[in-house]
Amino acid sequence: MNIVLLIFQLGGSLGFLLFGMKMMSEGIQKSAGNSLKKALNLMTSNRFLALITGMLITMIIQSSGATTVMVVTFVNAGLLTLEQSVGVIFGANIGTTITAWIVSLFGFSFKISSFAIPIFGIGFLLTTLKKLRQENLGQALMGFAMLFIGLEMLSGAIAPDSGNLNFFSALDDWGFISEIIGVVIGLLITALLHSSSAATAIVITLAYNRLISWEFSASLVIGSEIGSTIDAVLAAWGSRESAKRAAFIHVTFNVVMAFFAIIFFSPLLRFVDFLVPGTVHDGISFHIAALHTLLKTIMALISLPFTKQYAALAKKLIKSKEEDGESVYTLEFSETGGRENVVAYIVQAEKEIFKMADNVAQMFRCVQVGFSGNFDTFIRDYFDMLTKKEDYVDQMEEALTKYLVSCSKLPLTESQSADVARMLQIVEDIESMSDECYSIGVMLKKSSDKDMKFSKEDLEKLQPYLSLAGKAFDIVHENLDSSWTAEELANAEEIEKQIDAQHKALKKIARKRLEGGAEVKTELMYIDLVRQIEKFGDHAYRITSALGQAAGLTA
């Protein structure tokens with residue numbers, strides 16, 4: 001019965017601890033909003049700046065897993081080069097040690113509940129009082145309080161006088177074997193919890209309660225460094241080679257760090273003893289926090305000059321798959337055990353939507369060749385490409401819609417929810433534009449197959465009309481990932497008016513020819529072409545309106 005009670009106590013304590021960390025991280029990420037995305041501007045080829053950026057972001061959002069997932073996603077989306085990501089990954093490893101210092105400084109100095117419960121109450125009020133617009137800060141405060149409540153519960157469950165976990169002391173007497181056992185246990189605990197910060201907090205609590213020695217604590221911390229790579233591996237699973245390479249660098253960095261920490265185990269511990277004031281017995285929590293920080297900082301500083309070599313090794317070992325053109329589109333929504341980074345997912349979706357628009361741009365160029373009057377060239381050299389692109393864009397719509405629906409289930413801010421809903425509409429409109437291009441291509445092919453010839457004059461009249469539709473799409477294509485201005489929106493509105501005016505004029509001309517006894521099938525085909533081009537322009541303007549509204553403009 002005591003064992004069952006202990007299991008529930010430990011499970012409940014860990015639940016509070018992990019949920020508190022998750023809640024705090026999500027609240028901070030929501031508060032930061034697009035600031036995390038803007039931080040990409042700092043992630044340049046300057047390796048030292050990249051290191052600092054990764055460290056600061058992780059310290060702010062309290063999750064190296066979330067930072068690493070963000071980096072892997074950005075590399076996968078092509079927003080970061082592999083070389084740029086290396087320094088950020090190194091910095092994230094250092095930034096995650098802040099939690100250990102928070103636990104050491106505040107976790108055992110006084111009764112935690114004396115300040116954790118009031119902080120939780122303040123956070124709850126902030127989330128309830130909507131007029132203050134501080135719900136995200138309130139969530140972060142509630143998470144912060146729950147973290148320490150969980151820590152106090154955990155400390156009580158494993159108190160030395162309870163005798164519950166005294167078996168840990170038996171693992172200290174086997175020398176080097178004890179170190180290896182500690183590394184393996186630390187690895188497994190961190191992989192299961194998906195948080196090296198939580199694992200380190202548990203180690204500090206065990207050590208503070210005199211259930212494990214300084215040496216065994218250190219081996220658990222070393223093992224947690226390897227286990228913390230699970231998030232990067234999950235984020236890269238099913239992704240492109242670039243993302244797998246970024247994950248490989250993260251795993252390699254941590255495994256090499258753990259390897260050398262084991263090799264130089266005793267000198268490393270003596271160095272920490274030298275740096276931290278007081279005896280190990282009196283300041284075990286500070287010794288563990290210092291070890292956590294020192295280990296990652298030393299490894300990062302040693303590795304930083306070799307970022308290019310890390311990237312080159314990753315590229316050599318994980319080679320790009322040579323594919324015979326694009327045929328199957330895949331976009332996986334990789335869940336990473338609670339370390340989801342909303343900004344990273346949204347940026348990934350934005351990048352994929354831009355690629356979708358690229359494919360429609362290629363389809364539109366194929367259609368323009370058809371309107372040049374050389375139908376034989378269009379059918380021979382471009383129609384198959386148009387067909388394949390249309391199928392590929394259909395695949396992109398299906399995958400992106402599924403991806404964005406998964407994004408909508410993440411803890412989003414009001415602004416992010418609006419972004420996801422807008423992207424769903426844009427994906428639908430871009431796919432419809434690909435349908436219009438394909439339909440136009442089919443009609444051109446059909447007119448050639450059935451010998452329904454358009455006059456040179458008719459095709460010349462369609463050229464400026466088609467060019468207007470192309471301009472409407474170009475405005476969208478060029479500004480999908482940038483802020484809109486009032487001038488750009490006004491330009492798009494003017495083009496839309498011109499398209500509508502020409503649509504009416506061209507339909508009127510065709511109807512007059514019908515009344516004059518022209519070939520019915522040819523004229524109806526001509527009217528259908530005019531209508532499809534107008535619909536292409538309409539979808540472009542719908543996207544323009546959505547993006548304009550997002551920028552605070554009216555359309």
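Ten aromatic pairs are present in the structure, a pair being counted where the ring centres of Phe, Tyr or Trp (its six-membered ring) lie within 6.5 Å. The structure is a predicted model, in which local features need pLDDT of at least 70, side-chain atom pairs count only at pLDDT 80 or more, and totals for chains, interfaces and linings use all residues. Residues are numbered from 1 along each chain as its sequence is written, and side-chain values use heavy atoms, with hydrogens and water left out.

The rings of F364 and F536 are stacked, because their centres are 4.9 Å apart and their planes stand at 25 degrees, where planes under 30 degrees apart count as stacked, over 60 as edge-to-face and the rest as tilted. This pair links distant parts of the chain, with F364 in helix α17 (residues 342-370) and F536 in helix α23 (residues 520-550), 172 residues apart; helices are DSSP runs of H or I of at least four residues, numbered from the N terminus. F364 is buried at 8% relative accessibility, and F536 is likewise buried at 1%, the term denoting under 20% relative accessible area (1.4 Å probe, protein chains only).

F536 also pairs with F473, and since the centres are 5.8 Å apart and the planes at 55 degrees, this pair is tilted. F473 lies in helix α21 (residues 456-479), so that its pairing with F536 in helix α23 ties together parts that are 63 residues apart in sequence; F473 is buried, with a relative accessibility of 3%. Elsewhere, ring pairs link F90, F253 and Y310 into a cluster.

Charged groups also sit over rings, as defined by NZ of Lys or CZ of Arg within 6 Å of the ring centre and within 35 degrees of the ring normal. The charged end of K445 is placed over the ring of F383, 5.7 Å from its centre, while R513 lies over the face of Y526 at 5.0 Å from the ring centre.

Technical notes:
Helix = DSSP H or I, 4+ residues; strand = E, 2+ residues; numbered from the N terminus. Buried < 20%, exposed > 50% of the residue type's maximum accessible area, 1.4 Å probe, protein only.
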